[in-house]
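Please open the model in your viewer, with residue selection and distance display at hand.

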Amino acid sequence: SSCMPSPVGHSLLAFMVTGLARPANRCSRWWLLLVVLAGCAADLDFLPGLLFNDPNRFHHGPSHSLLAAVLFGAGVSALGQALPLPRGSGRLAALIYASHLLGDWLAADDGAPFGIPLLWPFSMEYFISPVTVFSNFHHGTAGAGLTAVLANIFSMHNLAAVALEVALLLPLLVLVQWWRAFVNPSDRRGR
């Protein structure tokens, strides 16, 4: 296992960045998907490992870097030419992606290398917060097959990890939403 909040925690962090209200008159179909995808995209590095029956083989590699966040944002900007995404979606997607990195940086880690390669490819150093906020979400170890990974994912430890994320992040999300509505009264109407 290594450090990472669950997809629930990453999604809550993503909505803290964006807010729950969708942009006015645009992308209502795509907005929720974009926010959740951007918040969890760094963990798509599990997919290539499935080809080797080792989902963790590439986890916490280059996809967990600031460069990956910038590249993801650039991809969303390019996609914005084809989909009705609001102006600035690429920058927002990069920021949401970076919230994933923040969540992983703040999570407990029980498997070397500890942390995330935040500055890859400019530095191969892994970074982790000296103070952890989130429990690690177990997803097996490198070399564990898909069956072992799924058994880890659906464990009591992970249920407790998700409960902690919800207990910490949901009140913060409500506070952020309240603050946005206070600063921008048009957000109260839900746009």
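A residue is called buried when its relative accessible area is under 20%, exposed when over 50%, and partly exposed in between, with a 1.4 Å probe and protein chains only. By that criterion Leu 12, at 13% relative accessibility, counts as buried. This is a predicted model, in which local features need pLDDT of at least 70 and side-chain atom pairs count only at pLDDT 80 or more, whereas totals for chains, interfaces and linings use all residues. Residues are numbered from 1 along each chain as its sequence is written, and side-chain values use heavy atoms, with hydrogens and water left out.

**The whole chain**

Begin with a cartoon of the protein chain, which holds seven helices and zero strands; helices (H or I, at least four residues) and strands (E, at least two) are DSSP runs numbered from the N terminus. Of its 191 residues, 43% count as buried.

**Helix H1**

Select residues 7-18, which make up helix H1. The expected span of a helix is 1.5 Å times one less than its number of residues, so the twelve residues of H1 should span 16 Å, in agreement with the 16 Å between its end C-alpha atoms. Nine of these twelve residues are buried, so H1 is largely enclosed by the rest of the structure; among the buried ones are Gly 9, His 10, Phe 15 and Thr 18.

At the start of H1, display Ser 6, where a side-chain oxygen comes to within 3.1 Å of the backbone nitrogen of Val 8. Just after the helix, Gly 19 adopts a positive phi of about 90°.

**The nonpolar core**

Next, select Val 35, Phe 72, Val 76, Tyr 97 and Leu 169, which touch the most other members of the largest nonpolar core, a set of 26 residues. Such a core consists of buried Ala, Val, Leu, Ile, Met, Phe, Trp, Tyr and Cys residues joined through side-chain atoms within 4.5 Å. Two or more residues of this core come from each of H1, H2, H4, helix H5 (89-105) and helix H7 (156-183), and the largest share, five residues, is that of H1.

**The nonpolar surface patch**

Turn to the surface and select Leu 33, Leu 37, Leu 44, Leu 47, Leu 50, Leu 146, Leu 150 and Phe 154, a nonpolar patch with about 760 Å² of accessible area together. Accessible areas come from the Shrake-Rupley method with a 1.4 Å probe, and for residues only the protein chains shown count as cover. Patches are built from residues with over 30% relative accessible area and no salt bridge, like charges being joined within 9 Å and nonpolar side chains (Val, Leu, Ile, Met, Phe, Trp, Tyr) within 5 Å. Helix H2 (28-40), H3 and helix H6 (146-153) each contribute at least two residues to the patch, while Leu 44, a partly exposed residue with a relative accessible area of 42%, sits in the loop between H2 and H3.

**The loop between H3 and H4**

Move on to the loop between helix H3 (46-50) and helix H4 (66-79), where His 59 is found. The side chain of His 59 makes a polar contact of 2.8 Å with the side chain of Asp 45; a polar contact is a pair of N or O atoms within 3.5 Å, and within protein one must be able to donate a hydrogen and the other to accept it, residues adjacent in sequence counting only if both atoms are side-chain atoms. At 11% relative accessibility, His 59 counts as buried.

Asn 53, in the loop between H3 and H4, has a positive phi near 55° and is partly exposed, with a relative accessible area of 46%. His 60, also in the loop between H3 and H4, has a positive phi near 65° and is buried, with a relative accessible area of 4%.

Then select Arg 57 and Asp 54, which form a salt bridge whose closest N and O atoms are 3.7 Å apart. Arg 57 is partly exposed at 43% relative accessibility, whereas Asp 54 is buried, with a relative accessible area of 8%.

**The loop between H5 and H6**

Finish at Pro 121, in the loop between H5 and H6, where the peptide bond from Trp 120 to Pro 121 is cis, with omega near 5°. Asn 136 also lies in the loop between H5 and H6, and its side chain makes a polar contact of 3.0 Å with that of Asp 110. Asn 136 is buried, with a relative accessible area of 7%.

Methods:
A salt bridge is a side-chain nitrogen of Lys or Arg within 4 Å of a carboxyl oxygen of Asp or Glu.
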